[in-house]
Amino acid sequence: MDKEQIIRNYFRAWLSPNLEVVQNTFDENAIYSECYGPVYRNKKEIISWFENWNKQGKVIAWPIERLIINGDTSIAEWHFKCNYQGKISEFDGVSIIEFNDQNKIISVKEYQSKSKHYYPIVNKTFNC
């Protein structure tokens, strides 16, 4: 399976949820850094996070808007929407994903942005 398919399958695994895909995607020593602070330091912790999160939440949508793959490093731009503990939330994000030689993910670093954007500079004059 190529890197694009692995990444797309992983994102879809959160919608199902599909633990088997998560188990088959990561290297034993993978590190996953979420965009709001938590870091999971190996495959066992990643699986535990996945299982526990899905007991309390449901991913509603996680489409990949753009995917760039260059060797063993990929960058995915996405929009995330979920219902977690009865609260709907959503945001835009980017993941930097690194693979090893066996096409297992060894690192994910997520970054987020608010999904409601605005344009503050519209017919305004700024004084210094």
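Which residues have the most contacts inside the largest nonpolar core? They are Tyr10, Phe26, Tyr32 and Trp62, in a core of 30 residues. A nonpolar core is a set of buried Ala, Val, Leu, Ile, Met, Phe, Trp, Tyr and Cys residues joined through side-chain atoms within 4.5 Å, and buried means under 20% relative accessible area with a 1.4 Å probe, protein chains only.

This is a predicted model, in which local features need pLDDT of at least 70, side-chain atom pairs count only at pLDDT 80 or more, and totals for chains, interfaces and linings use all residues. Residues are numbered from 1 along each chain as its sequence is written, and side-chain values use heavy atoms, without hydrogens and water.

Helices (H or I, at least four residues) and strands (E, at least two) are DSSP runs, numbered from the N terminus. H1 gives the most to the core, with 6 residues. The buried residues of H1 are Lys3, Ile6, Ile7, Tyr10, Phe11, Ala13 and Trp14. They lie on the same side of H1, because they cover an arc of only 150° around the axis, taken from the directions from the helix axis to the C-beta atoms.

The elements that give two or more residues to the lining of the largest pocket are these:

| Element | Residues |
|---|---|
| Helix H3 | 43-56 |
| Strand S5 | 73-84 |
| Strand S6 | 87-99 |
| Strand S7 | 105-113 |

A pocket is an open set of points on a 1 Å grid over the protein atoms alone where a 1.4 Å probe fits, with protein on both sides within 12 Å along at least five of seven lines; lining residues have an atom within 4 Å of a point. Of the 18 lining residues, Tyr36, Trp53, Phe80, Cys82 and Phe91 lie nearest the centre of the largest pocket. S5 gives the most to this lining, with 4 residues.

Conventions. Buried < 20%, exposed > 50% of the residue type's maximum accessible area, 1.4 Å probe, protein only.
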